[in-house]
Every structure is written in structure tokens, then in C-alpha cells.
Amino acid sequence: MEKLQKMVSEKPVVIFSKNSCCLSHSIKTLFVDFGVNPTIYELDEINRGKEIEQALAQLGCSPTVPVVFIGAQLVGGANQVMSLHLNRSLVPMLKRVGALWV
């Protein structure tokens with residue numbers, strides 16, 4: 001859990017993902033299309049990916065990918081991110097943490 005906290009606090013936008021997950025791809029594409037440069041951890045490719053996935057599950061993330069943190073705060077998965085986007089709250093949130101300047 002401590003390792004997870006360190007990972008999410010180092011950058012404004014952190015996405016935990018798996019290459020094999022289509023929802024992960026969609027969320028990563030959304031942020032990149034905004035012009036955000038998120039830090040992306042592919043849990044199926046990195047060392048200790050299973051351990052990190054278990055820590056995300058302990059935080060209540062279900063499913064465990066994709067999971068997005070903005071400003072070191074857990075936003076949630078694809079449903080939460082898309083809801084924020086549709087109600088026009090995502091862009092202001094990204095601007096507040098310095099991930100988006102326009």
C-alpha cells in the first residue's frame with residue numbers, strides 16, 4: 001500500500017492499466033486526446049504488478065483496471081472517469097493539478 005501511495009503521488013495523473021483491457025485503452029486514449037501526459041503503469045508488464053493490483057482491490061477498486069488517480073486522489077475506474085467527463089468536471093480537475101493548461 002505504501003508503494004502504491006508513492007507511485008500515485010509522484011505525478012498529476014496516474015493510470016493503472018493492463019494491455020489486454022479494452023476499457024483501459026479507452027481511458028488512456030481519453031486522457032491523451034485531452035493533451036494530458038499521464039503516467040501509465042501496465043500491471044501485466046511491470047514487476048510486482050499483481051501486488052499493486054491487490055493493493056488497488058483493497059482500496060475498493062473493482063475491477064482493478066483501469067484505475068485513475070488525479071492529484072494523488074483516487075478517481076476510480078472507467079465509469080467514474082466517464083461520468084466526470086460527461087458532467088464536465090474532468091477538465092477542471094485536470095487543470096487544478098497542472099495536468100492540463102488549456
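**Reading the cysteines, a helix and a surface patch**

Modeller: Let us begin with a cysteine: Cys-21 is buried, because its relative accessible area is 17%, under the 20% limit. Please bear in mind that this is a predicted model.

Biologist: How many disulfides does the count give?

Modeller: A disulfide is a covalent bond between the sulfur atoms of two cysteines. Here the count is zero. The cysteine sulfur closest to that of Cys-21 belongs to Cys-22 and lies 5.6 Å away, too far for a bond, since the cut-off is 2.5 Å. Cys-22, for its part, counts as exposed, at 61% relative accessibility.

Biologist: Which residues of α2 are buried?

Modeller: An α-helix has 3.6 residues a turn, so residues three or four places apart point the same way. In α2, the buried residues are Ser-24, Ile-27, Lys-28, Leu-30 and Phe-31. They cover an arc of only 155° around the axis, and therefore lie on the same side of α2. The face turned away from this buried side carries the exposed residues Cys-22, His-25 and Asp-33.

Biologist: What should the 13 residues of helix α2 span?

Modeller: At 1.5 Å a residue, helix α2 (residues 22-34) should span 18 Å, and the 19 Å between its end C-alpha atoms agrees with this.

Biologist: Which residues make the nonpolar surface patch?

Modeller: Met-1, Leu-59 and Leu-74 make this patch, of about 270 Å². Leu-59 sits in the loop between α3 (49-58) and β3 (67-70), and is partly exposed, with a relative accessible area of 38%.

Terms used: Residues are numbered from 1 along each chain as its sequence is written. This is a predicted model: local features need pLDDT of at least 70, side-chain atom pairs count only at pLDDT 80 or more; totals for chains, interfaces and linings use all residues. Side-chain values use heavy atoms; hydrogens and water are left out. Buried means under 20% relative accessible area, exposed over 50%, partly exposed in between (1.4 Å probe, protein chains only). Patches are made of residues with over 30% relative accessible area and no salt bridge: like charges are joined within 9 Å, nonpolar side chains (Val, Leu, Ile, Met, Phe, Trp, Tyr) within 5 Å. Accessible areas come from the Shrake-Rupley method with a 1.4 Å probe; for residues, only the protein chains shown count as cover. A salt bridge is a side-chain nitrogen of Lys or Arg within 4 Å of a carboxyl oxygen of Asp or Glu. Helices (H or I, at least four residues) and strands (E, at least two) are DSSP runs, numbered from the N terminus. The expected span of a helix is 1.5 Å times one less than its number of residues. The arc is that of the directions from the helix axis to the C-beta atoms.
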